[in-house]
Amino acid sequence: MANFKIPIGPQHPALKEPESFTITLNGETIIEMDMRLGYNHRGIEKACEERSYIQAMYLVERVCGICSHSHSTCFIQAVEEIAGLAIPARAQYIRTIIAELERIHSHLLWLGVAGHEIGFDTLLMYSWRDREVVMDTLAALTGNRVNYGINTIGGVRRDISKEHLAGLLKTMDILEERTKYYIEVASEEITLIQRLSGVGFISHEDTVMLGAVGPTARASGVDRDIRRDDPYLAYKDIEFQVITDTHNDVYGRTLVRVGELMQCYSMIRQLVAKIPEGPVTVKAPRKIPAGEAFSRYEAPRGEDVHYVKANGTDKAERVKIRAPTLANLQSVARMMENNRLADVPIIIAAIDPCFSCTDRMIRINDTAGRRKETISWQALRTHSLEWYRKQGVDFKDLNAKMRQRMKA
Amino acid sequence: MTNEEKIKKELLERFGFSTEQIRVARERRVFLEVPHEQFRRVFEHAVNGMDFQHLCTITGLDDGDTLAFVYHLARLDGAVLSLKTRVPKASPVLRTISDLFPGGMIYERELADLLGARVEGLPEGNRYPLPEGWPDGQHPLRKDWKAEMLDGVYPKEEVKSHG
């Protein structure tokens, strides 16, 4: 049978982000995969060069909706290193608590997506309900469910009260109970095991060679974790296990993530028990002295790295970001080989990719297929304001009212 | 002797670098600047002789008359060796490291698109991250690049209406 090429994306069937794969098939079997990335490149590194450090920090927090704390922490660690700032211990603990809550939120989200991709939507509903618990906790501690804005150069912007710390322990109990159930499901539910076993296989050697990171690498027996190997924040002060697995497939990636969830709960309990009293911030200079630093961070998806070069002004000379997904995507092509077309969504989802989501234009096709046009953001915005105005909601009016209220 | 000192000592002794070329920034962070002629030899030794078997990423820098490239190599004990090398901006030619790190291809493609590096020996493949039809010679991470340089050049009219 002749080989077939199937284009998948950039409007992705499985993910909510653009990404283009061309899959060569023989029958149902995947021979090879080619990918085209970059649809979401927003020029954030360049934009950082034109903004002050504190503005850049808020911008890099928006590199990713889920790993927002990962990026902002990884970035300011580099800035603080160049500036020679010693961050108060309490601030380090708070950053670490938020980091682990972010991991819980991310892994529960992943578990739901994985369930959905294999038609196990009950798992999606369950795990996303539990994810609400951790997101509410993040909102209580930081004010936001995502893009927490807890960091500032020199520490954190909010302290955590005793009551919140006590509440955090209760939340850990609830989530641990739920996660035990997921572990039971993952280790006993025969449909789940059979659906995921052997799917998206990648050998230990290939994983190392292709530079995969995080749970994707650990599920192929690569015993690497930045939190342990290159400790930052408060990870030196607490005990935890680096979860690895040797299934080398999507099933292994599932086991690693649920195993990591259990570690997160234990880590947060230790952090709550050990958090020192004291200030949460030190004064940071507006201008950062010339220098360079390289910062690493174990994000939920794996090693995140930021390089910052300072030139003595209040703006960075260069900010380089390498998010974990870019490192992991290289191994996806290998994972696809000899799998079935129907396995594509779960294999891609199993590296927990994060392409982030900002589009620059919207294309409209009318239902009869007669009219095709590209609409600019400005036109779309005008159209939307007009649409709401017809429904009786005038945003211009609302803005004026809000300004009035703020004056009063 | 600390790990970083050992790394420094080995590189000094083996390649005869001066102490100004090597900087131990802190625990587990070593920065080294290498002349481009020597780069490949040092890089190979770091990877094969010193166990730096994970390429975190490659950073490209526009330093005025030169383009600098920093290869961030990590090893299992958490040490990161950042190897910097420079090429003239007028002829920014690098040799690929994708023979040692196949996963590093994407980082090299990024250098080609965003800084205009020419990477010899890089296998053919899709560009990253700029879109098809991006004007030749425009490299957004060069310091002299401004978004206005795209006015009237990109996106082209036909892309706008049929894109």
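Visitor: Which residue in the turn of the hairpin of strand 3 and strand 4 of chain B has a positive phi?
Guide: Strand 3 of chain B and strand 4 of chain B form a hairpin, with three residues between them. This is a predicted model, in which local features need pLDDT of at least 70 and side-chain atom pairs count only at pLDDT 80 or more, while totals for chains, interfaces and linings use all residues. Residues are numbered from 1 along each chain as its sequence is written, and chains are lettered from A and ligands numbered from 1 in the order in which they are written. In the turn, the residue with a positive phi, of about 90°, is Gly64(B).

Visitor: How many bridges join strand 4 of chain B to strand 5 of chain B?
Guide: Strands (E, at least two residues) and helices (H or I, at least four) are DSSP runs numbered from the N terminus, and two strands pair if DSSP finds at least two bridges between them. Strand 3 (residues 54-62) of chain B pairs with strand 4 of chain B in the antiparallel sense over eight bridges. Strand 4 of chain B also runs antiparallel to strand 5 (residues 80-88) of chain B, and the bridges joining these two number nine.

Visitor: What stands opposite Phe69(B) in strand 5 of chain B?
Guide: Phe69(B) belongs to strand 4 of chain B, where it is the bridge partner of Gly60(B). In strand 5 of chain B, the residue opposite Phe69(B) is Thr85(B).

Visitor: How many residues of strand 4 of chain B are buried?
Guide: A residue is buried if 20 or more other C-beta atoms lie within 10 Å of its own, exposed if 12 or fewer, and partly exposed in between, with C-beta atoms placed from the backbone. Strand 4 (residues 66-74) of chain B is mostly covered. Of its nine residues, the number buried is seven.

Visitor: How do helix 2 and helix 3 of chain A run, roughly parallel or roughly antiparallel?
Guide: Helix 2 (residues 53-60) of chain A and helix 3 (residues 68-83) of chain A pack at about 150°, with their axes 8 Å apart. Axes are lines fitted to C-alpha atoms, for helices over the stretch in contact, and angles run from 0 to 180 degrees between N-to-C directions. Angles under 35 degrees count as roughly parallel, over 145 as roughly antiparallel, 65 to 115 as roughly perpendicular and the rest as oblique. These two helices of chain A are therefore roughly antiparallel.

Visitor: How many residues of chain B are in contact with chain A?
Guide: Two residues are in contact if their C-beta atoms, placed from the backbone, lie within 7 Å. Chain A brings 27 residues to this contact. From chain B, the number is 32.
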